Amino acid sequence: MIALIGASGRIGAALARALLAAGRPFTPVVRDAAKWSALGLPVAPRIADLGDAAALYLALQDAEIVISTAHARHAPAILAAAPADARFVLMGSIRRYSRWADAHGDGVRAGEAAFLASGRAGVMLHPTMVYGAEGEDNVQRLAALMRRLPFAPLPGGGRSLVQPIHQSDVTRALLAASRHDWTGPQAMVIAGPEPMPYRDFLAAVVRAAGLGARPVLPLPVGLLRALAGLTRIIPGLPSIGADEIRRLTEDKAFDIAPMRDILGVLPISLEQGLALTFTPAEKN
């Protein structure tokens with residue numbers, strides 16, 4: 001039996017639909033029964049908060065494969081509650097590679113360390129920026145910002161590299177990982193086909209959203225971080241945090257050979273992914 005933790009979240013819901021389409025039985029493990037019910041999927045859930053060890057143990061007691069789309073900081077609790085012979089597919093984040101310390105990245109690093117030290121069979125997948133999920137706010141938020149601005153203010157002119165991955169490829173990677181016969185714990189980055197400068201990524205989003213070209217305005221990262229607070233008070237602008245601006249100065253370029261060779265997943269191009277993300281009604 002597959003136990004799917006976090007089944008009512010964005011990545012979890014997409015995976016739940018894919019499991020149903022593939023005819024693979026699974027049990028959703030969720031905290032909020034109403035949120036799961038709102039998805040309209042015909043599978044009865046088990047209710048467990050990841051902070052409730054007893055409830056989590058009961059929810060996972062017969063699991064052969066545990067897939068968790070919850071934050072990686074919960075890995076120790078999941079490992080402790082699952083059967084001894086269970087295999088794991090856990091979601092991490094490339095934030096674990098960031099040089100800027102924050103609670104999110106620290107939690108991913110701690111979760112990965114616990115998993116790798118456990119000796120349990122499975123994999124922790126670290127996705128790059130995920131876009132294209134229902135309700136996601138990565139490229140949609142960028143498009144909303146560019147609708148309000150005549151130019152693109154970017155630290156360093158947007159030369160830092162990004163490698164975003166479409167939700168459909170995240171789902172395919174999770175499915176493939178759940179079928180793989182892992183013999184021990186591994187960690188693996190899943191990403192789009194190739195890295196590109198952030199300015200090129202932004203230009204592709206602008207085109208896909210049906211907007212006119214936006215010239216790049218290079219600005220110092222310190223100034224942009226100071227101005228980020230204005231996005232919370234100016235009506236109509238999507239909120240952008242100062243730490244998000246700082247992370248735009250980091251290269252996020254990764255080798256996807258393990259994703260390709262072990263999981264057999266070849267990610268779609270950014271153009272293909274954006275075409276799937278923006279419906280005609282969302283353009284302009």
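**Labels and their grounds**

Q: Why is Phe 201 called buried?
A: Phe 201 has 0% relative accessibility, so it counts as buried; the term means under 20% relative accessible area, with exposed over 50% and partly exposed in between (1.4 Å probe, protein chains only). This is a predicted model, in which local features need pLDDT of at least 70 and side-chain atom pairs count only at pLDDT 80 or more, while totals for chains, interfaces and linings use all residues. Residues are numbered from 1 along each chain as its sequence is written, and side-chain values use heavy atoms, with hydrogens and water left out.

Q: What makes the pair of Tyr 198 and Phe 201 edge-to-face?
A: The ring centres of Tyr 198 and Phe 201 are 5.5 Å apart and the planes stand at 65°, so the pair is edge-to-face. Rings of Phe, Tyr and Trp (its six-membered ring) pair if their centres lie within 6.5 Å; planes under 30 degrees apart count as stacked, over 60 as edge-to-face and the rest as tilted. Tyr 198 and Phe 201 both belong to helix 8 (residues 198-208), three residues apart, about one turn of the helix. Helices (H or I, at least four residues) and strands (E, at least two) are DSSP runs, numbered from the N terminus.

Q: Why does Tyr 198 count as buried?
A: The relative accessibility of Tyr 198 is 8%, so Tyr 198 counts as buried.

Q: How many aromatic pairs does the rule give?
A: The count is three aromatic pairs.

Q: Why is the pair of Phe 88 and Phe 115 called edge-to-face?
A: The planes of Phe 88 and Phe 115 are at 70° and the ring centres 6.5 Å apart, so this pair is edge-to-face. The pair links distant parts of the chain, with Phe 88 in strand 5 (residues 87-91) and Phe 115 in helix 5 (residues 103-118), 27 residues apart. Both Phe 88 and Phe 115 are buried.

Q: What makes Val 162 buried, and which residues does Val 162 touch?
A: Val 162 has a relative accessible area of 6%, so the residue is buried. Val 162 is part of strand 9 (residues 161-162). Leaving out residues up to four places away in sequence, Val 162 touches Glu 194, Pro 195, Met 196, Tyr 198, Phe 201 and Lys 252, where contact means heavy atoms within 4.5 Å. Leu 142 is 20 residues from Val 162 in sequence and 14 Å from Val 162 in space, C-alpha to C-alpha.

Q: How do you know that Thr 171 counts as buried?
A: Thr 171 shows 8% relative accessibility and therefore counts as buried. Thr 171 sits in helix 7 (residues 167-179). Not counting residues up to four places away in sequence, Thr 171 touches Ala 14, Leu 15 and Ala 18.

Q: Why does Ala 59 count as buried?
A: The relative accessibility of Ala 59 is 3%, so Ala 59 counts as buried. Ala 59 lies in helix 3 (residues 53-60) and touches Val 29, Arg 46 and Ala 48, not counting residues up to four places away in sequence.

Q: How many helices and strands does the protein chain have, and why is the chain called as compact as a globular protein of its length?
A: The protein chain has twelve helices and 13 strands. Its radius of gyration is 20 Å, close to the 19 Å of the globule rule for 284 residues, so the chain is as compact as a globular protein of that length. The radius is taken over C-alpha atoms, and the rule is 2.2 Å times the number of residues to the power 0.38. Of the 284 residues, 50% count as buried.
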